[in-house]
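Please find below a short report on the structure shown here. It treats one chain and then the interface.

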Amino acid sequence: MTLTAPPQAPVRAPAPAPPGPGRRQRVSVRRLLAYLLLIVLSAAVLVPFAWMVSSSLKLDAEVFSVPIQWIPAEFHWDNFGRIWERIPLLTYLRNSIFLSLTITALQVLTGSFAAYGFAKVRFPGRDALFLAYIATIAVPWQAYMVPQYVIMQKAGLVNTHLSLILLQAFSAFGVFLMRQYYLTIPDELSEAARLDGLSEYGIWARIVLPLSKPALASLALLTFVNTWNDYMGPFIYLTDNKLWTIQLGLRSFVGLYDAEYAMIMTGSVLSVLPILVIFLLGQKYFVQGIATSGLK
Amino acid sequence: MTATLPAPARPRRGRSSTWVGWSFILPNFVGFAALTLVPVIASLALSFLDWDSYSSPRWVGLENFDRMIHNETFWTALKNTTYYAVGHVPLTLCAALGFAVLLNQRLRAVQFFRTALFFPYITSLVAVAVVWNMLLSPEVGPVNQFLRAIGIDSPPGWTTSTTWAMPAVILASVWRDLGYYMILYLAGLQTIPAELYEAAQVDGASGWQRFRHITVPSLRPTTFFVLIMLTISSFKVFDLVQVMTEGGPGRSTLVLSQVIFREGITQGRFGYSSAVSMALFVIVLTITVVQFRWQRRSER
């Protein structure tokens, strides 16, 4: 294609301007425009965060000043100290960390283990079983949330952390994501290990797991972030204040003290901060995970 | 490879691999079956029962569905959910595609912009809802201050107004979701061969023509996938509405999943709420199937 193109160019090029410098100029103007557009649009997308952070450092009365003060007249860093006394933030954070870590660990473990069965071991009924996994990903959670609740109620697990752990530790999505990745690992590797006398469990632990670090990382990050940010699950299952997660705590703080605008923004910043740190550490895997699986 | 394997090894491995295969899947399957597969099937059964948390279940056939289609709240919620989807799907799709095309160029700091635009997607919905509620506050909120500054004398009341509450929810949801779909589009854009653009440029195609005749057709599989994912997630919307407006003011932003939640979890009317679940499921399924059909016809 590149071979045939050059002879056509001078004939068809409609631009009357000299091809050399004029064209480069046009390209750089376009680049400049693209930059400008990107900067303006990204700034617009980031404005809510900027406003959140700025408001978290103000007095309540200053949050809604007219015109908007983007930089606080005085930085009230003490907001970040006071909020711990206003709500049991430490309890909420501890609960969120506990749930997110436990669920992530279980999901990565059982998900990657099951994915090996689906990707690397042949047995009758395997594909039908996998289809059942896929099918439930497509069913909206709301469609089976009531029976789930009834099961949990009968088991006496409503208002316990265990209910949320059980509900989210065995996700079909995790199995799906890991299987997709395992399929890209050549079968010859496990075949060779089998001939060398390694058991299937040994192949999983010593060959496939080490090779699938990027997929494990992206599943772990996605699961952690989703669990940390989950609102509906804890909202339905946890009624006891001591068990609440940061999301429930923040929501109730908003409901109870809806005029303490600065404090509410302080809480919001604190609820987003851990995610920002994790995201910046693992953003490569996030993008990879989404681009390869395409699913949430 | 199979030819080099010793013949007797095959049947023995074939027999034992059933057990081995199941042993890998079992730890996950037990949890998955008990808490996902069984509830999915049970939901269908529950919709034919009259059952609250106290009495014993009673078979009522289609009574729940009959009640549902004569219930005004159901239709309001269905209308609102559709309104949300019709706003959220095209806006998010266009925003995601636009940003992806901009970011697919060879520019400096692309990585920074990508990170910045993706970040709203992973921030908690509660924080998102709280911040947007404040930004959209009618009298003193920054958004309305801005609108007044550019000459709009009576800007909308957003979440306090029955007309503007849904657009407010849609605005916040588009802002949140565009980064995720942008990544999907970026992955799609990377598969388009650069030669296509070079050839078009040589033929004198303008930027818009190249976008229209190369980018859009090449991205068709991605667009199809994005469309399906967006539609399904739109019909399931819950968290954002629950925290931003709780379905109000009045019933102006009440959506189907809130009806399921209120009837099932709050009121304990398991049968009726499962019937609404089934309706939601059938709606999502129908739309998905129609989209698949439409996709296949346009491919031919």
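How many helices and strands make up the secondary structure of chain B? Chain B has 13 helices and 2 strands, where helices (H or I, at least four residues) and strands (E, at least two) are DSSP runs numbered from the N terminus. This is a predicted model, in which local features need pLDDT of at least 70 and side-chain atom pairs count only at pLDDT 80 or more, while totals for chains, interfaces and linings use all residues. Residues are numbered from 1 along each chain as its sequence is written, chains are lettered from A and ligands numbered from 1 in the order in which they are written, and side-chain values use heavy atoms, with hydrogens and water left out.

The radius of gyration of chain B, taken over C-alpha atoms, is 25 Å, well over the 19 Å given for 300 residues by the globule rule, so chain B is more spread out than a compact globule. That rule is 2.2 Å times the number of residues to the power 0.38.

| Property of the interface | Value |
|---|---|
| Residues of chain A in the contact | 100 residues |
| Residues of chain B in the contact | 93 residues |
| Area buried between chain A and chain B | about 8600 Å² |

Contact means heavy atoms within 4.5 Å, and buried area is the accessible area (1.4 Å probe) that two parts lose on being put together, summed over both. Carbon and sulfur atoms give 77% of the area buried between chain A and chain B.

Between chain A and chain B there is 1 salt bridge (a side-chain nitrogen of Lys or Arg within 4 Å of a carboxyl oxygen of Asp or Glu). Arg251(A) forms a salt bridge with Glu246(B), with the closest N and O atoms 3.1 Å apart. Helix 2 (residues 19-56) of chain A supplies the largest share of the side of chain A that touches chain B, 16 residues.
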